[in-house]
Amino acid sequence: MKKKISKFIGALVLGGCASAPPSTRVSDVPPQRLETSVAVATFDSVWSIVRQTYVDTAFVSSKWNSVHASLRPRAQTITTRAGLDSLLGDMLGEIHDSHFYLIPASVASEVKSDDSGGNGTTGMSVRIVGEGALVWRVENGSPAALAGIHPGQSVQRVNDRIVRESVKKVMSLAEAPRQRALSDLDFKLNGPLSPPAGDSVHVSLVGIDGKSFERTLVAIPKKGTISKFGNLPPIAGVVTVDRRLVGGAHCNAGVVGFNIWLPILAPELERAVKNLADCDGIVIDLRGNPGGVGAMVMGFGGFFVPSTVSLGTMRTRDLTLNFAINPRQVGAGPYSGPVAILVDAMSASTSEIFATGMQRIGRARVFGQRSAAAALPALMNGLPSGDVFVHAVADFTDPRGGRIEGAGVVPDEIVPLTEADLSKNIDAPLEAAVKWIQSLRHSS
Amino acid sequence: MRSSGIRLVTALGLAAASVAGAQQSLPPAAGLVAKYSQTIGGAALLKAQQVTTKGGLNMAAAGINATFELLQLAPNKMQMTTTIPGVGAIRVGFDGTTGWSMDPMQGPRLLTGKELDEIKEEADPRASARSPELFTAMQTVADTTMGTERCYLVKLTWKSGRETYDCYSPTTGLMVGSKSVQATPMGDIPVATIYSDYKKFGDFMVPTVTTQSMMGQQQVMTISSVEVGTGAGATIVMPPEIQALVKK
C-alpha cells in the first residue's frame with residue numbers, strides 16, 4: 001500500500017518542476033576584459049552542466065565530448081568577454097534547442113534578488129506594448145484605482161526601473177531568447193506591483209492626456225485563497241467567474257479566470273465550470289497565469305474532453321510521462337460547448353501546456369498574445385564568469401510533437417493590446433473570444 | 001539522484017545475467033520469502049481482520065509534509081487518505097471489486113489495467129505476508145546491496161504478470177528494500193524503496209520507516225501507529241464522486 005502514496009507525490013513533484021515561473025532577465029552590456037582562467041572555467045562549467053542534465057543523452061554521448069575537445073583550446077586563448085560569448089554561442093549552437101542561453105553577469109544579480117513575492121497588491125498590472133508598457137488592468141477600489149491610475153496609461157518607471165530602457169535591451173536580444181525575455185520583463189515590471197501588504201511601490205506614468213504624473217502606492221492584502229505548498233511562499237490563488245448574459249438570463253459566454261494552477265483551487269474551478277455549463281461557450285482566461293502544478297491540467301482539462309487524451313509529453317533523462325486528461329463530469333458528461341482560451345506574455349508553464357494541448361487536440365481556440373515560451377522545467381546555474389546559465393532539464397512536447405519552450409503558445413487569433421482599447425476598458429482578446437463563440441452558435 | 005530509480009531497475013536485467021553462472025550460490029527464493037514471512041509474523045498478519053496504520057510523509061527537498069491513514073479490511077479491501085497541506089486529500093481505495101483514485105489535481109478516477117491489478121493484489125494482506133500463492137514465480141537473482149545493507153534480490157512474478165523485486169537481508173531475513181515499476185496515468189515510473197526500523201505491533205512487525213526514491217526525489221514515510229481491530233462495523237467508503245463513475 002505504501003506505493004500508492006508515491007504515485008501522487010510523483011505527480012506533485014512533476015508539477016512543481018513544471019510550474020516554476022520564468023525568472024526575470026534583460027540584456028546588458030557586459031564588461032569587455034576577461035581573465036583567461038575565468039573563461040576556461042566558465043566554458044568547462046557550461047559543458048559539464050549540459051553533459052549532466054541535457055535530456056538528449058544520445059547527443060551527449062555521441063557529440064558532446066568532441067565539442068569539448070574541439071572548442072576548449074579556444075577557451076584557453078580568450079581574453080575578452082566577447083570572445084567568451086562567441087565561444088559559448090558556438091558550443092551551445094551544437095545543441096539544436098532554443099532554450100540554452102546565458103544571462104549576462106550584469107543582470108544576473110537581478111534574477112536572484114528581485115522576486116517580489118508576498119501577497120500584497122497595488123491593484124494594477126501592466127503589459128509591454130510596443131516599445132513601452134501600458135497599464136493593463138486596475139482593480140476597482142484598489143490603491144492604484146484610488147490614486148487615479150487607469151488602463152491605457154503609459155508606464156514610464158516602476159521603482160528604479162526605466163521601462164523603455166528595459167524594453168529596448170530586450171529587443172536587442174537575438175530572436176530565440178527574445179520571447180522569453182519579453183515575458184520575463186513583464187514579470188519584472190509586475191512583480192514590484194504586488195509587494196507584501198504594507199510595502200510601497202513608486203510608479204511614474206503618462207496619462208491619456210499626455211501629462212506625466214507619479215504615485216506611491218501602498219499594497220493592500222491580495223484577495224484570494226492563500227495556499228502554502230511545499231517550499232513555495234504563501235500564494236494567493238484567485239478564481240474569477242463571469243456569466244456574460246444577454247436577453248436577461250441567457251449566458252452567451254462564461255468566463256473563468258485564475259491566476260495560478262494550485263490544487264487548492266481545484267474545488268473552485270470545478271464549481272466555476274459547472275456554474276457555466278449552460279453557457280453557449282466557455283472562455284478560460286489564463287492571462288497573467290504563470291503556471292503551477294502541472295498535473296492539474298489533467299483534471300481541469302477533463303471538464304472539457306469526453307475521453308482520455310494526452311495534452312503533451314514530458315521527457316526527462318529517465319522517464320517519458322504523458323499529461324493524460326482524466327474525463328470529468330460537468331453534468332451528464334464533460335462540457336461540450338466551444339472553449340476559448342486567453343493567453344498573453346505572462347501565461348507560462350502549466351498555462352502554456354494546457355493552452356497548447358487543448359489547441360492541438362482541437363478542443364479550444366486560443367486568443368490573445370503569444371505566451372511566455374517557458375513551458376519546460378529549466379534550471380539556472382551560476383558560472384565562474386558571474387553569468388547565469390539557463391538550461392532545460394526536461395523536454396515537453398505538445399500532442400503533435402511540437403515544443404512550447406522557446407516558441408510559446410501561438411494564438412489562433414492574435415489580438416494585440418492597444419492604448420485606445422485599454423483606455424476605453426475594452427478587453428479586445430475577450431471580446432474576440434466571445435464573438436467567436438457567438439459565431440459558432442449562430443452558424444449552428 | 002534523478003536517475004537512480006530507473007537505473008537500478010534497468011540494471012536488474014544485467015545483474016540477473018551476470019550472476020546466472022553463480023546462481024548455485026544464491027539461496028532459493030522460496031526460502032528467503034518464507035523466512036521473511038515468518039520473521040515479520042506473516043501468520044498473524046493474515047489473521048488480522050482490520051488494520052489501521054497512521055503516520056507522516058516527508059519530502060524534504062520539496063518542503064512537503066503530509067499525513068496518511070490507511071485502513072485495511074480482510075479479506076482484500078483498503079482505503080488510504082493522504083493529506084498534503086496546500087494540496088488537499090489524495091484518496092485511493094479498493095472495495096474488493098472496484099479500485100479508485102481521487103485527488104485535487106486529476107479528480108476522481110476508476111483504476112483500470114495495470115493500476116487496478118496492482119491495487120487488487122496489494123489490498124490482499126497475503127501480499128504483505130508474501131504468501132507464495134500470490135506469485136507464479138520467484139527467483140533469487142543477485143547478492144547485492146540496497147541502501148547500506150547487503151541483501152538477496154528476489155524477482156517476484158505476480159499472478160497479474162507484473163514483476164517486482166524484494167531484497168532480503170541474509171542476517172535478519174527482513175526485507176531491506178524493493179524495486180518496482182509503478183503504473184500511473186502518466187506512464188510507468190520506476191521506484192526504489194528502502195525499509196528500516198522494523199517494529200512489532202501485536203504479533204507482527206512492519207517497517208516504520210520507508211524511503212522511496214522516484215523521479216529523482218526522495219520521500220520518507222514514517223509510521224506512527226498500527227492498530228489491529230476486529231473489523232466489526234468498519235467499512236470501506238467509496239466517495240460519492242467515485243460512485244457516480246461506477247454508475248455511469
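Trainee: Which strands of chain A form the open sheet of six, and in what order?

Mentor: Helices (H or I, at least four residues) and strands (E, at least two) are DSSP runs, numbered from the N terminus. Two strands pair if DSSP finds at least two bridges between them. Here the order in chain A is S12-S13-S14-S17-S18-S22, and the pairing is mixed. Note that this is a predicted model: local features need pLDDT of at least 70, side-chain atom pairs count only at pLDDT 80 or more, and totals for chains, interfaces and linings use all residues. Residues are numbered from 1 along each chain as its sequence is written, while chains are lettered from A and ligands numbered from 1 in the order in which they are written.

Trainee: Which strands stand at the edges of that sheet?

Mentor: Strand S12 (239-246) and strand S22 (413-414) of chain A each have a single partner strand, so one side of each has no neighbour in the sheet. S12(A) is joined to strand S13 (residues 250-258) of chain A by eight bridges in the antiparallel sense. Within that pair, A:Val246 is placed opposite A:His250 in S13(A).

Trainee: Which helix packs on this sheet and touches S12 and S13 of chain A?

Mentor: To read such packing, take two residues as in contact if their C-beta atoms, placed from the backbone, lie within 7 Å. Axes are lines fitted to C-alpha atoms, for helices over the stretch in contact, and angles run from 0 to 180 degrees between N-to-C directions. The helix touching S12 and S13 is H9 (residues 266-275) of chain A, whose direction makes about 5° with that of S12(A). Helix H13 (residues 428-443) of chain A lies across S12, S13, strand S14 (282-285), strand S17 (339-343), strand S18 (365-368) and S22 of chain A, at about 165° to S17(A).

Trainee: What is the order of the open sheet of three strands in chain A?

Mentor: The order is S16-S15-S21, with antiparallel pairing. Strand S16 (320-324) and strand S21 (395-397) of chain A are at the edges, each with a single partner strand, so each has one side without a neighbour in the sheet. Neighbouring strands here are turned by 20° against each other on average, direction ignored. Three bridges link strand S15 (residues 310-315) of chain A to S21(A), and A:Met314 faces A:Phe396 in S21(A). Helix H11 (residues 350-360) of chain A lies across S15, S16 and S21 of chain A, running at about 130° to S15(A).

Trainee: How many residues are in the largest nonpolar core?

Mentor: A residue is buried if 20 or more other C-beta atoms lie within 10 Å of its own, exposed if 12 or fewer, and partly exposed in between; C-beta atoms are placed from the backbone. A nonpolar core is a set of buried Ala, Val, Leu, Ile, Met, Phe, Trp, Tyr and Cys residues joined through C-beta atoms within 7 Å. The largest core has 126 residues, and those with the most contacts inside it include A:Val283, A:Leu342 and A:Ala433. Strand S2 (residues 64-73) of chain B gives the most to this core, with six residues. Domain 2 (120-221) and domain 3 (233-375 + 394-443) of chain A both give residues to this core, so it lies between them; the domain bounds come from an automatic or database assignment. A separate second core of 30 residues includes B:Leu32 and B:Ile194.

Trainee: Are the residues of strand S5 of chain B buried or exposed?

Mentor: Five of the five residues of S5 (residues 99-103) of chain B are buried, so the strand is largely enclosed by the rest of the structure. In a regular strand the side chains alternate between the two faces of the sheet. In S5(B), B:Gly99, B:Ser101 and B:Asp103 point one way, while B:Trp100 and B:Met102 point the other way.

Trainee: What does S5(B) form with S4(B)?

Mentor: S4(B) and S5(B) form a hairpin with four residues between them, and B:Gly96 in the turn has a positive phi of about 105°. Strand S4 (residues 88-94) of chain B pairs with S5(B) in the antiparallel sense over four bridges, with B:Gly93 opposite B:Trp100. Another hairpin, through three residues, joins S5(B) to S6(B). In S6(B), B:Leu110 is the bridge partner of B:Trp100.

Trainee: What is the mean pLDDT of chain A?

Mentor: pLDDT is the predictor's confidence in each residue, from 0 to 100. For chain A the mean is 85, and 87% of its residues reach 70 or more. Over residues 1-30 of chain A the pLDDT is below 50. Where pLDDT is low, the predicted coordinates should not be read in detail. Chain B averages 88, but its residues 1-23 stay under 50.
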